[in-house]
Amino acid sequence: MDIILIIIAAFIMLLGIVGSFLPVLPGPLTSWIGLLVLHFTDAIPMDKSFLIITFAIAMFIWILDYIIPAIGTKRFGGSKYGMIGTTIGLIVGLIAPIPGGIIIGPFIGALIGELINKNDTKTATKAAFGSFIGFLTSTFIKFVVAIIYLGLFIGTLWDYRNILFQF
């Protein structure tokens, strides 16, 4: 049963890394669920303080994920239309078979959103750039936390390898 839980936890950890780039899936929270599943194995003792601290960090990053792009957009003179455009552009960039769509999509989406908001081209470009920088910052932070959680996962497996993998 422990091996099945480890495989499920590993899948969830990888899903958390992918979730760092997808707006639909909260990356660090998903990775935290992978750590939680790992601690449900019989061979690994439950450390509640570890789970509470990592959960608090994941929740903090999840909240920041909504704040950082808004700060970037506002700092560069953007509006809600730019934020909505960034999100739509990200989704289109992920789906469309365009090289670099995940990077180009949010910028173009924010630009279109600001132009719909009746901003001039210069203001719209500046706001789109701010939204894009906010998106990249937020994504980078989520990715780093998901990678750290993966490292904790692998480290825990390594520490208990003799107990988990007795053949």
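At what angle do α3 and α6 pack, and how far apart are their axes? The angle is about 170°, and the axes are 7 Å apart. Axes here are lines fitted to C-alpha atoms, for helices over the stretch in contact, and angles run from 0 to 180 degrees between N-to-C directions. Helices (H or I, at least four residues) are DSSP runs, numbered from the N terminus. This is a predicted model, in which local features need pLDDT of at least 70 and side-chain atom pairs count only at pLDDT 80 or more, while totals for chains, interfaces and linings use all residues. Residues are numbered from 1 along each chain as its sequence is written, and side-chain values use heavy atoms, with hydrogens and water left out.

α3 and α6 are therefore roughly antiparallel to each other; the term covers angles over 145 degrees. Contact means heavy atoms within 4.5 Å. On the α3 side, the contact includes Phe50, Thr54, Ile57, Asp65 and Thr73. On the α6 side, Ala127, Phe135, Lys142, Tyr149 and Leu152 are among the residues involved. By class, this contact has 12 nonpolar, 8 polar and 2 charged residues. Ala, Val, Leu, Ile, Met, Phe, Trp, Tyr, Cys and Pro count as nonpolar, Asp, Glu, Lys and Arg as charged, and the others, Gly among them, as polar.

Now α2 against α3. These helices pack at about 165°, with axes 8 Å apart. α2 and α3 are therefore roughly antiparallel to each other. Their crossing is left-handed. α2 contributes Pro28, Leu29, Trp32, Leu35 and Leu36. From α3 come residues including Phe50, Leu51, Phe55, Met59 and Trp62. The contact of α2 with α3 divides into 12 nonpolar, 1 polar and no charged residues.

Next, the core. The largest nonpolar core has 24 residues. Such a core is a set of buried Ala, Val, Leu, Ile, Met, Phe, Trp, Tyr and Cys residues joined through side-chain atoms within 4.5 Å. Buried means under 20% relative accessible area, exposed over 50%, partly exposed in between (1.4 Å probe, protein chains only). Met13, Leu35, Leu38, Tyr149, Phe153, Leu157 and Leu164 have the most contacts inside this core. The elements giving two or more residues to it are α1 (2-19), α2 (27-38), α3 (48-75) and α6. Beyond its neighbours within four places in sequence, Tyr149 touches Met13, Pro28, Ser31, Trp32, Leu35, Thr54, Ile57 and Ala58.

α5 is another partner of α6. Helix α5 (residues 101-116) and helix α6 (residues 121-159) pack at about 140°, with axes 8 Å apart. α5 passes α6 in a right-handed crossing (the near helix is turned clockwise). The residues of this contact divide into 13 nonpolar, 3 polar and 1 charged.

Glu114 lies in α5. Glu114 is buried, at a relative accessible area of 0%. Sequence neighbours within four places aside, its contacts include Thr73, Tyr81, Asn119, Ala124 and Ala127.

Two further residues remain. Phe76 sits in the loop between α3 and α4 (80-95) and is partly exposed, at 26% relative accessible area. Setting aside neighbours within four places in sequence, Phe76 contacts Lys126, Ala127, Phe129 and Gly130. Thr139, in α6, is buried at 6%.

Terms used
Parallel < 35°, antiparallel > 145°, perpendicular 65-115°, else oblique.
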